[in-house]
Amino acid sequence: MQILHNMSAVMAAEQHGINTSNYQKSTKKLGSGYQINTAADGPAQLSISEKMRAQIRGLNKAVNNGEEGASYIQVADGAMNEIHSMLQRMRELSVQALNDTNTQEDRMAMATEMDKIQAEIDRIDTSTYYNNMPVFQEHEPSYYQIAGNRVWASNQQHAVMAPDNSLNIHLPAGEYVPDTYTITVPDGIYTTQELIDEIDDAFARMSPANPGFVLEYMQDGRCSLNFEGANGQPTKIDSVDGSLAYLIYDCYNGLSTMNLLGTTAFDSSWPLKITKDQNDEIQFQIEPTDGSPSTTVSMKIKPGEYTRAELIKLLNQELVKYPGVEAKEYGQSCIQITGGYDNNITGLKGNMFKLELGTEHVYTSVFYDNIRYGTTIGTPAMTTGKTYYNEDYTNKIKIDRSNDTLRFKYNGNQITVKIPAGEYIIDDISNTSKDNLTYFLNEEFKKIAGADISVTAPSVYDSSNGTYE
């Protein structure tokens, strides 16, 4: 039996396979640039290599993230540079407006430019994005918003006068201490944007410190009250009231219960003199809102001279007997007695409320200032509105179904006037154009039999820009 073989060929083939395998390994190392490519190349070395490779890739991605963060900051920095330039321009205009060589038209042009710059700053704030994300975060991590339902033009004029210059923010009782915050703004005539700025300034000055309230003028012209929780704490607003709440709500109730609001304006250099049996006695009733029996309160103030703070202290020494009832500041210079949410203050009596009709001596009261406001003999009854209009720099008064009804009582009779929808100006009655609201109302009142009612549009001087409205 003969077995044929070719051992030299087999050995050559085996060697060729070894050479091919070594060639592939060398080629792989050359192609990848790594000495260790598989565990067969060295298990320990591969472990070290993979760990280093992971670290290197992580560091490369960290560098990438840093570059993207730098790009984000560059976008924000560019926007801030633009805003900074605009603020510098606003400062220039403010200084320039102080020059008495400017005419009324010059100042109006400066005011218009200021409004435009402020609108552009707001636009940059809300439209600066990076990778579809807002660069300037709109809210804190925790926030609560009361969205307004009234639309205001940024240059709409608002007249603010004490005591109608307060805003009260109520937080849920038991969850916050304190649970009520009140701010007031100085008397004056403001545009919408200026009034919001004043309110935010009042937030900054409030005591106790502002927990995070911001009044925001939205792009659509609405005002929203935000409660921003900077540290992520829960945020919630129970209600908002007070005279300035009209900025937010189309209808507002001012105060939720009946309070006694004084009109006597105290001055730091003007103490009130209390005279025995003339202006020293006050009586009123506390009527609980739950329907329980009312309580009559009578107080007498010892004769002497008192500042507002001293009178509030004296009144509260007596009112401490009645839970929930207290005397407190109202506006910048007046006094109020409030029953909070649980009581109404009514049934006012006492010589603090009497009118001095033709007497030799006139005594100023804690609550009704007869010296400053005079008597009522021969004085026609009137009500004064607080919408200011100037054809050169305010928009027309827009009337729609939400504000087209004027209703009041005249000698006990109900008077109702409907105003057609449209845009109106406010001008002297001599202007008989159909869009003059003053002329229209007077024509409507002429149709009411036996009524002697008229509407006037007096000019009011605005010292901030040297114009009359």
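A residue is called buried here when its relative accessible area is under 20%, exposed when it is over 50%, and partly exposed in between (1.4 Å probe, protein chains only). Asn226 sits in strand E9 (residues 223-229), and its side chain makes a polar contact of 2.7 Å with the side chain of Glu216. A polar contact is a pair of N or O atoms within 3.5 Å; within protein, one has to be able to donate a hydrogen and the other to accept it, and residues adjacent in sequence count only if both atoms are side-chain atoms.

The model is a predicted one, so local features need pLDDT of at least 70 and side-chain atom pairs count only at pLDDT 80 or more, while totals for chains, interfaces and linings use all residues. Residues are numbered from 1 along each chain as its sequence is written, and side-chain values use heavy atoms, with hydrogens and water left out.

Now for the overall picture. The protein chain has seven helices and 25 strands; helices (H or I, at least four residues) and strands (E, at least two) are DSSP runs numbered from the N terminus. Of the 469 residues in the protein chain, 32% are buried. The chain exposes about 28,800 Å², and carbon and sulfur atoms supply 51% of that; such areas come from the Shrake-Rupley method with a 1.4 Å probe, and for residues only the protein chains shown count as cover. Contact means heavy atoms within 4.5 Å. Among the contacts in the protein chain with a separation of 6 or more, 60% are between residues 24 or more positions apart.

Two strands pair if DSSP finds at least two bridges between them; strand E5 (residues 166-170) is joined to E6 by five bridges, and Ile169 has Tyr181 in E6 as its bridge partner. Gln193 belongs to helix H4 and is buried, with a relative accessible area of 9%. Leaving aside neighbours within four places in sequence, Gln193 touches Gln118, Asp122, Ser154 and Tyr217.

Strand E17 (residues 334-338) is mostly covered, with five of its five residues buried. Cys334, Gln336 and Thr338 point one way from E17, whereas Ile335 and Ile337 point the other way. In a regular strand the side chains alternate between the two faces of the sheet. E17 pairs with strand E16 (residues 326-330) in the antiparallel sense over five bridges, and Ala327 stands opposite Ile337.

Rings of Phe, Tyr and Trp (its six-membered ring) pair if their centres lie within 6.5 Å; planes under 30 degrees apart count as stacked, over 60 as edge-to-face and the rest as tilted. The structure holds seven aromatic pairs. Tyr72 and Tyr130 form an edge-to-face pair, 5.7 Å centre to centre with 85 degrees between the planes. Tyr72 lies in helix H2 and Tyr130 in strand E1 (residues 129-130), so the pair ties together parts that are 58 residues apart in sequence. Trp152 and Tyr246 also pair edge-to-face, at 5.6 Å centre to centre and 80 degrees between the planes. Because Trp152 lies in the loop between strand E3 (142-146) and strand E4 (157-160), and Tyr246 in the loop between E10 and strand E11 (260-261), this pair ties together parts that are 94 residues apart in sequence. Both Trp152 and Tyr246 are buried. Tyr176, Tyr181, Phe203, Phe213 and Phe227 form one aromatic cluster.

Finally, in helix H7 (residues 437-446), the buried residues are Leu437, Thr438, Phe440, Leu441, Asn442 and Phe445. At the start of H7, a side-chain oxygen of Asn436 comes to within 3.3 Å of the backbone nitrogen of Thr438.
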